[in-house]
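Here is a short report on one protein chain. Look at the sequence and the 3D view first, then read on.

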Amino acid sequence: MKRVPLPASAPKRLGWLDLLRGIAAMVVALHHATYYFTPGWRAGLRLWFDPGLYGVLVFFLVSGYIIPASLERHGQVRGFWIGRLLRIHPLLTVACAITVLPFLLGIRGLRAGLEQYRPATAVLAHLTMLQDVLAVPNAINVLWTLSYEMAFYLLVVALFVLGVHRRSAHVAVVLVAGAVLAGGLLPTAALSTRAGVGPIVAFAAPTMAVAILAAASA
């Protein structure tokens with residue numbers, strides 16, 4: 001049978017990245033499965049290797065390669081944000097709704113005392129996907145990774161809009177140095193402790209929305 005060549009414009013998937021993602025997904029699944037099925041083996045394994053940390057770091061590294069390349073290839077910030085939000089928010093909304101339903105029915109409380117926060121604060125923080133860095137407990141434990149993905153998206157888009165993304169290595173060194181210094185000098189949750197979680201979320205959400213809209217219209 002004659003093989004029909006793909007058109008030149010057809011997108012090409014990077015097989016080695018898909019392989020990395022597959023390995024990372026299986027390692028993270030192993031990490032969570034050992035909590036319930038093999039806790040003794042898990043304790044011994046973590047003395048040498050933390051599968052959860054490994055899997056998440058691999059996912060972050062893959063994003064670090066794919067996201068800037070995607071922006072450079074398409075050259076359109078608006079399409080990037082539309083694609084990201086449509087890809088993440090529908091499933092995130094369904095997952096959070098399923099998680100909150102038992103609480104609304106009076107069956108059990110929310111994770112990590114989330115019910116102690118004002119509903120508007122909790123919902124708004126999760127809509128931004130920055131809840132973990134805004135000192136709001138994650139409705140689902142694994143959602144903490146989305147907060148750092150979103151922070152990465154915001155940073156990369158800012159570099160792209162400013163036209164300095166090709167010098168991102170220098171920016172990364174400065175940010176790492178600043179993070180190390182700030183992390184050593186500032187107490188944990190310094191802003192939310194002083195100003196309160198609600199005001200911080202109320203400020204961060206519209207600020208992020210304005211930044212995304214400004215970048216998309218640039």
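Aspartate 50 counts as partly exposed, because its relative accessibility is 22% and the partly exposed class lies between the 20% limit for buried and the 50% limit for exposed. In this predicted model, the side chain of aspartate 50 meets that of arginine 46 in a salt bridge. The N to O distance is 2.9 Å. Arginine 46 is also partly exposed, at 43% relative accessibility.

How many salt bridges does a search of the whole structure find? The count is two. The other pair is arginine 21 and aspartate 18, whose closest N and O atoms are 2.9 Å apart. These two residues sit in helix H1, three residues apart, so about one helical turn separates them. Arginine 21 is partly exposed at 29% relative accessibility. Aspartate 18 is partly exposed too, with a relative accessible area of 28%. Side chains of opposite charge can pair when their charged atoms come close.

Now turn to the nonpolar side chains. Leu19, Ile23, Met26, Leu47, Trp48, Phe49 and Tyr54 make a nonpolar surface patch of about 840 Å². Which helix gives the largest share of this patch? Helix H1, residues 15-36, supplies three residues.

Take leucine 47 as one member of the patch. Leucine 47 lies in the loop between helix H2 (39-45) and helix H3 (51-74). Is leucine 47 buried or exposed? Its relative accessible area is 69%, so leucine 47 is exposed: the cut-off for exposed is over 50%.

Alanine 215 lies in helix H9, which runs over residues 197-217. Its relative accessible area is 11%, so alanine 215 is buried; buried means under 20%. Leaving out residues up to four places away in sequence, alanine 215 touches Val77, Val157 and Val161.

Phenylalanine 160 is in helix H6, residues 144-162. This residue also counts as buried, at 18% relative accessibility. What does phenylalanine 160 touch, not counting residues up to four places away in sequence? Its contacts are Leu71, Glu72, Gly75, Val77 and His165.

Alanine 215 and phenylalanine 160 are 55 residues apart along the chain, with 9.3 Å between their C-alpha atoms. Phenylalanine 160 and proline 68 are 92 residues apart along the chain, and their C-alpha atoms are separated by 8.2 Å.

## The whole chain

The secondary structure comes to nine helices and zero strands. Along the sequence, the pattern reads α-α-α-α-α-α-α-α-α. The C-alpha trace spans about 60 × 45 × 40 Å along its principal axes.

The chain has 218 residues, and 29% of them count as buried. Among contacts between residues at least 6 apart in sequence, 65% join residues at least 24 apart. The accessible surface is about 14700 Å², and carbon and sulfur atoms account for 71% of this area. The chain carries 17 positive and 6 negative charges. How many Å apart are the mean positions of these charges? They are 8 Å apart.

Conventions
Residues are numbered from 1 along each chain as its sequence is written. This is a predicted model: local features need pLDDT of at least 70, side-chain atom pairs count only at pLDDT 80 or more; totals for chains, interfaces and linings use all residues. Side-chain values use heavy atoms; hydrogens and water are left out. Patches are made of residues with over 30% relative accessible area and no salt bridge: like charges are joined within 9 Å, nonpolar side chains (Val, Leu, Ile, Met, Phe, Trp, Tyr) within 5 Å. Accessible areas come from the Shrake-Rupley method with a 1.4 Å probe; for residues, only the protein chains shown count as cover. A salt bridge is a side-chain nitrogen of Lys or Arg within 4 Å of a carboxyl oxygen of Asp or Glu. Helices (H or I, at least four residues) and strands (E, at least two) are DSSP runs, numbered from the N terminus. Buried means under 20% relative accessible area, exposed over 50%, partly exposed in between (1.4 Å probe, protein chains only). Contact means heavy atoms within 4.5 Å. Lys and Arg count as positive and Asp and Glu as negative; His and the chain ends are not counted. The place of a charge is taken as NZ of Lys, CZ of Arg, CG of Asp or CD of Glu.
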